[in-house]
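Let's take a walk through a protein model together. Have the picture open and follow along as we go.

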Amino acid sequence: MPKYVYDFTEGNKDLKDLLGGKGANLAEMTNLGLPVPPGFTITTDACRRFLEDGGLPEGLDEEISQHLTALEGRMGRRLGQADDPLLVSVRSGAKFSMPGMMETVLNIGLNDQSVHGLVKQAGGNERFAWDSYRRLIQMFGKTVQGIDGELFDEALEELKHGRDDLELEAADFQRLVETYKGIVREQTGQDFPADPHDQMRMAVMAVFESWNAPRAILYRRQERIPTDLGTAVNVCSMVFGNCGMDSGTGVAFTRDPGSGHQGVYGDYLQNAQGEDVVAGIRNTMPLQDLERLDKSVYDELMKIMATLENHYRDLCDIEFTVERGKLWMLQTRVGKRTAGAAFRIAVQLVDQGLIDLDEAVTRVSGAQLAQLMFPRFDGDAKTPKITTGMNASPGAAVGKAVFSSERAVELAAAGEDVILVRRETNPDDLSGMIAAQGVLTSRGGKTSHAAVVARGMGKTCVCGAEELEVSTKERRFTAPGGVVVSEGDVISIDGSSGAVYLGEVPVVPSPVVEYFEGATDQDDELVRAVDRIMTHADATRRLKVRANADNAEDAARARRFGAEGIGLCRTEHMFLGDRRQLVEDLVLASSKEERDQALAALEPLQKADFVEIFQAMAGLPVTIRLIDPPLHEFLPDYTELSVKVALAGDRAEEKDRRVLAAVKRLHEQNPMLGLRGVRLGLVIPGLFAMQVRAIAEAAKAVEGARAEIMIPLVGAVQELEYVKDEAQRILTEVGVEALVGTMIEVPRAALTAGQIAEAAEFFSFGTNDLTQMTWGFSRDDVEAAFFSKYLELGVFGVSPFESLDRDGVGRLVRIAAEEGRATRPDLKLGICGEHGGDPDSIHFCHQAGLDYVSCSPFRIPVARLEAGRAVLTSTDSDTR
Ligand code: PEP
Ligand code: MG
């Protein structure tokens, strides 16, 4: 029989798969000798079985009982014992942190008898005991019994009658307990369960079930957390932060998670229980003030935080409670941080000797680097600042103010940029936060829900802007000086400074981009950190990084960003604008002479294009792809032209008639599967030859030019052979050398790669088309048509156009790489589909043995970093 329950003394931090992050770290802290209230963890394995079978797995009840008995023995009291009760908390804890997404129930074990025992335990503190009891009914009712939480909140608001929660007395809470019990009876048709063991069992099941709550599913999808992990459940003896002013609860970070600067940062709330801080119920005090309130607790906390940082060798966040002057640790984990903080902290830890540079590279991600490349607000802008809140998650966001998540989703779907404005957010606001450019709240600190979730998502957030009066009902807020901002008014929020502006603030580029552009000023600590990490990533990576660029400007920028060549220069953009006419002439040519004339006119223009690009990339390889899309894409629209011809009647120009006939002739039902790529080259005589000649002439004219000629859409080696022979003939004629290779973007090409490699000197995986053709998904239509449904159903966790589908498309890539190299051991392999700039796909390319990835210029730094990380990390997903 599997072991489903682990005492805190039995686990350790490396058992996150089984015990969840919270359980594993509680065990680790227990083993470190830190003051953790005793308890035990029910494994994720038990949860998975529960979710599969719809009931607690066999033997779990007995195992829980044994561990509870042991806990009771240690604590010297029984769960819910009438005269001296042991109370426990039941908390979720998955492998990956999902802040506020799943359930927690505190104070289990209270009922009409044991509440009196709790009064005695607390030295006669009636207020505390009744407050704890009402919290149990409230949390239990909402999370375990599924009662609308508003009902409890409203009853509490009514009782408060404008008073602060600290002004409520024992009798108030006692009355509230009766009201709450009434709500439970009314909503469920049953009395609140008085048996402590029933309470615990029901709470455990509710935590298991919360794994599949809609908001948890949404969060996992957003954060790309696998859906089948399940959550562990932690049963922990209660300690109380709400039994007087010598008690309290807090959240802290061992460094500032916003900036990465050294020094502790946190919030503390006197006489309150855990959830109050995160929910932003009352405004908290800075952790530093605890030193004044209770120096010995503060000193002990500082010591523990230093221990944790040295032990985990990283920024940790913690939750703690002070119960009548005694400090208890309730949670720790490696803390979330902003992108800038991640880079700074990684380098600081290297300087402190806690980690080496290899590890520093793994501590940051391409997604974080991409965030740092976002623009910032222009500091000199004249836009009026209306208030300043807390700088909870950096970035610059501009959009229309909206006051509900529904509205945020609605407007965002219509293509509008919005800022979600709330008094405070709760987990139900997740969809609105995802839809919005940024989040602004008037309550709660840097550890409030809004702040934690926004940071995790890399979304700009300003929180705790207390001067704002937010009215969700009237869909507006007022700011000092009588400024009223209504739904639809544009505001700008600065997540790095906390500033809120009325109107649109212009943005300026990021210093990190300027650094990549070659600015030498290294005064900025962030820039220095990025530089050290990038330098090490470059020294570590095996994959080369090239750019997709089809003009000299992009090529030059890509080179500054660190591109080691061009992996895809698309030539079709060069056929637009004034040159459309020449393409039209080519299509309309009715004799060899006419066609040759059109091609002869195009050739010098093409040559000039290539000269510029070769110059920008001198010394580095440039892969030029011959024209790919169907020619009718360059002709006028069929409907427009036929209307024009029809209206003109007999007076229609001869040329229009001829173009119309050509458009009709070239019309295709499925152009993506039609006359394009190499097929076009074989059907239109002289087209590819003209391009090859232009490339060869340009390469001859530019010193250091290294041309590679790439044929698109090849499915059979014979296609390639025809084109290659002609290309080689022209290259010899002109007297230059160039590799000739092919894209692998048709499944047949992947499956016959061994044959194709006989003719190809390199392969470049065109994973846009390869994904389209492997799945049978139209690149242009499906994302809008049904991907949201597929994501919801879990057919895939992320669009296969965004992140390479390892099982299907990835398998084709591996087959082609292996069989191609079996034929030609020095075959050069690259990728130039959009996936070449996607972190997860880059790791795949590394694993599959490719030589380079090619991506858009702006993603080059991300690709360099991820290529380095791919060498250093070996996660489950890499070895799949
Ligand atoms: C591809 O198909 O992946 C590719 C790079 O070519 P294009 O996107 O131009 O079809
Ligand atoms: Mg393609």
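What follows is a tour of a sheet, a metal site, a helix pair and a loop residue.

First, some ground rules: this is a predicted model, where local features need pLDDT of at least 70, side-chain atom pairs count only at pLDDT 80 or more, and totals for chains, interfaces and linings use all residues. Residues are numbered from 1 along each chain as its sequence is written, chains are lettered from A and ligands numbered from 1 in the order in which they are written, and side-chain values use heavy atoms, leaving out hydrogens and water.

Let's begin with the sheet. Its 8 strands make an open sheet with mixed pairing, in the order E12-E22-E21-E14-E15-E16-E17-E13. Strands E12 (385-388) and E13 (390-393) sit at the edges with a single partner strand each, so one side of each has no neighbour in the sheet. On average, neighbouring strands here are turned by 30° against each other, direction ignored. (Strands, E, of at least two residues and helices, H or I, of at least four are DSSP runs, numbered from the N terminus; two strands pair if DSSP finds at least two bridges between them.)

Now zoom in on E14 (residues 396-402) and E15 (residues 418-422): they run parallel, joined by 3 bridges. Val402 stands opposite Leu420 in E15. Helix H16 (residues 405-413) packs on the sheet and touches E14 and E15, its direction making about 175° with that of E15. Contact means heavy atoms within 4.5 Å, while axes are lines fitted to C-alpha atoms, for helices over the stretch in contact, with angles running from 0 to 180 degrees between N-to-C directions.

Next, the metal. Which residues coordinate the magnesium ion (ligand 2)? They are Glu745 (OE) and Asp769 (OD), at 2.1 Å; donors are N, O and S atoms within 2.8 Å of the metal (3.2 Å for Na, K and Ca), and sites may look incomplete because water is not among the atoms. Glu745 lies in the loop between strand E28 (739-744) and helix H29 (747-751), and Asp769 in helix H31 (residues 767-775), so the pair ties together parts 24 residues apart in sequence. Glu745 is buried, at 2% relative accessible area, and Asp769 is buried at 2% as well. (Buried means under 20% relative accessible area, exposed over 50%, partly exposed in between, with a 1.4 Å probe and protein chains only.)

Finally, find Gln288, in the loop between strand E8 (285-286) and helix H11 (289-293). Gln288 is partly exposed, with a relative accessible area of 37%. Not counting residues up to four places away in sequence, Gln288 touches Val264 and Tyr298.
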